[in-house]
Amino acid sequence: MITALLILHGLLAVALLGALTHQLVAVLRSGAAVAAAGKSTFLGRYASVGQCGFTTAVVVLYIVTLVLGALIYPTYRIDVRIPFEEMMLYWAVGVFEVKEHWGGIGLGVLPLYAYVWRPQQASSHRRDRVVVTALLTFIVWSDFIAGHVLNNIRGL
Amino acid sequence: MESRISPVVFALVYCIVYAVVLAFDWPLFNYYPQVGEFTWGWTPKLEGAGPAMTWYGLMATAGAVALLAALILRDKVVAAALRNWLWLFPLGAMLACVYFMRIFFRQLFI
């Protein structure tokens, strides 16, 4: 059961990081000149999407992925973290601690993320929109990589 | 219809409170996975119950305080005053987490 939840957690994380990365690339390349010049390239086509359309999907995917992670967490605490400590792999414990806390912070940032992606905030909160999306993307990518590295050291 | 909960205030207060409760270890509750029991954060740790998990309680503390603040304070004032600097709060909380967790990485630098 835990293995199935872990796989589902990982698959949803892939969908989430895909959505966030797509949105981030699109908003970074949304300058008029870049958009006009770059539509014929792969990156141009990748970026020419409706950016606001990702917001609801990102919020829902983030919450569901985090809930699944929270369900798996007690098993990690008993079956993985204690062996890490016995093997003196304190850096691995630390990597997981940072992963969980960044994930928790990301959860609280979701209302701000949804706010800055409202159409009426497009011009007034442009920098907030770019950086908050970049931070969430960074959290999801780093948590995803950390989870994989730790699972490779000792799986659930 | 305008929501009564201010999303900007919620997020900013959540980030600040999360960093503070992490620094001072003030979870609303603890969970003991080995015995499947919860205790309030201000009660003494359970003896012989195995490791305590604070993460859920930390999020609950930050979420409860942030919700209260988001019901009292209005977005318009905060969002206008901090326009385009709102991202500093999550970034600061993330950096604070790394700083508080530095003890785990000491072995890498010895």
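Q: What percentage of the 156 residues in chain A do buried residues make up?

A: Keep in mind that this is a predicted model. Burial is judged by counting C-beta atoms around each residue, with 20 or more others within 10 Å needed for "buried". In chain A, 40% of the 156 residues pass that test.

Q: How many helices and strands are there in chain A?

A: Chain A has six helices and zero strands. Its pattern along the sequence reads α-α-α-α-α-α. The C-alpha trace spans about 55 × 30 × 30 Å along its principal axes.

Q: What share of the contacts in chain A with a separation of 6 or more comes from residues 24 or more positions apart?

A: Sort the contacts by sequence separation. In chain A, residues 24 or more positions apart account for 76% of the contacts with a separation of 6 or more.

Q: Where does helix H4 of chain A bend, and by what angle?

A: Compare the axis on one side of a residue with the axis on the other. Helix H4 of chain A covers residues 55–86 and bends by about 50° at A:Tyr76. A:Tyr76 is also one of the buried residues of H4(A). Others in that list include A:Val58, A:Leu61, A:Leu66, A:Gly69, A:Val80 and A:Phe84. Two arginines, A:Arg77 and A:Arg81, are in the list as well.

Q: What covers the buried residues of H4(A)?

A: The cover includes helix H1 (2–28) and helix H5 (90–116) of chain A. Past the end of the helix, look at the backbone: H4(A) is followed by A:Met88, whose phi is positive, near 60°.

Q: Which residues have a positive phi in chain B although they are not glycines?

A: The background first. Most residues other than glycine have a negative phi. B:Asp25 goes against this, with a phi of about 55°. B:Asp25 sits in the loop between helix H1 (7–24) and strand S1 (29–32) of chain B. B:Asn84 has a positive phi too, of about 70°. Its loop joins helix H3 (75–81) and helix H4 (88–100) of chain B.

Q: Is B:Asp25 buried or exposed?

A: B:Asp25 counts as exposed because it has 12 other C-beta atoms within 10 Å. For B:Asn84 the count is 16, so that residue is partly exposed.

Q: At what angle do the axes of H1(A) and H6(A) cross?

A: Two packed helices are described by the angle between their axes and the distance between the axes. Helix H6 of chain A spans residues 126–153. The axes of H1(A) and H6(A) cross at roughly 150° and come within 9 Å. The two helices are therefore roughly antiparallel to each other. H1(A) passes H6(A) in a left-handed crossing.

Q: Which residues make the contact of H1(A) with H6(A)?

A: From H1(A), the contributors include A:Leu16, A:Leu17, A:Leu20, A:Leu24 and A:Val27. From H6(A), they include A:Arg129, A:Val130, A:Val140, A:Trp141 and A:Phe144. By class, the contact has 13 nonpolar, four polar and one charged residues.

Q: What handedness does the crossing of H1(B) and H2(B) have?

A: The crossing of H1(B) and H2(B) is right-handed. The axes cross at roughly 145° and come within 8 Å. On the H1(B) side, B:Phe10, B:Val13, B:Tyr14 and B:Val17 are among the residues in the contact. On the H2(B) side, B:Leu58, B:Ala62, B:Gly63 and B:Ala66 are among them. The contact divides into 15 nonpolar, two polar and no charged residues.

Q: How many residues of chain B are in contact with chain A?

A: Count each side of the interface separately. Here 34 residues of chain B are in contact with 30 residues of chain A. H1, helix H2 (55–72) and H4 of chain B each supply at least two residues of the chain B side. H1(B) gives the largest share, eight residues. The chain B side divides into 29 nonpolar, four polar and one charged.

Q: Which residues does A:Leu112 touch, not counting residues up to four places away in sequence?

A: A:Leu112 lies in helix H5 of chain A. Its partners are A:Val132 in chain A, and B:Pro7, B:Val8, B:Ala11 and B:Leu86 in chain B. A:Leu112 counts as buried because it has 27 C-beta neighbours inside 10 Å. The C-alpha atoms of A:Leu112 and A:Thr133 are separated by 9.9 Å, with the residues 21 apart along the chain.

Methods. Residues are numbered from 1 along each chain as its sequence is written. Chains are lettered from A and ligands numbered from 1 in the order in which they are written. This is a predicted model: local features need pLDDT of at least 70, side-chain atom pairs count only at pLDDT 80 or more; totals for chains, interfaces and linings use all residues. Helices (H or I, at least four residues) and strands (E, at least two) are DSSP runs, numbered from the N terminus. Two residues are in contact if their C-beta atoms, placed from the backbone, lie within 7 Å. Ala, Val, Leu, Ile, Met, Phe, Trp, Tyr, Cys and Pro count as nonpolar, Asp, Glu, Lys and Arg as charged, and the others, Gly among them, as polar. The bend at a residue is the angle between axes fitted to the seven residues ending there and the seven starting there. Axes are lines fitted to C-alpha atoms, for helices over the stretch in contact, and angles run from 0 to 180 degrees between N-to-C directions. A crossing is left-handed if the near helix is turned anticlockwise from the far one by less than a right angle, and right-handed if clockwise. Angles under 35 degrees count as roughly parallel, over 145 as roughly antiparallel, 65 to 115 as roughly perpendicular and the rest as oblique.
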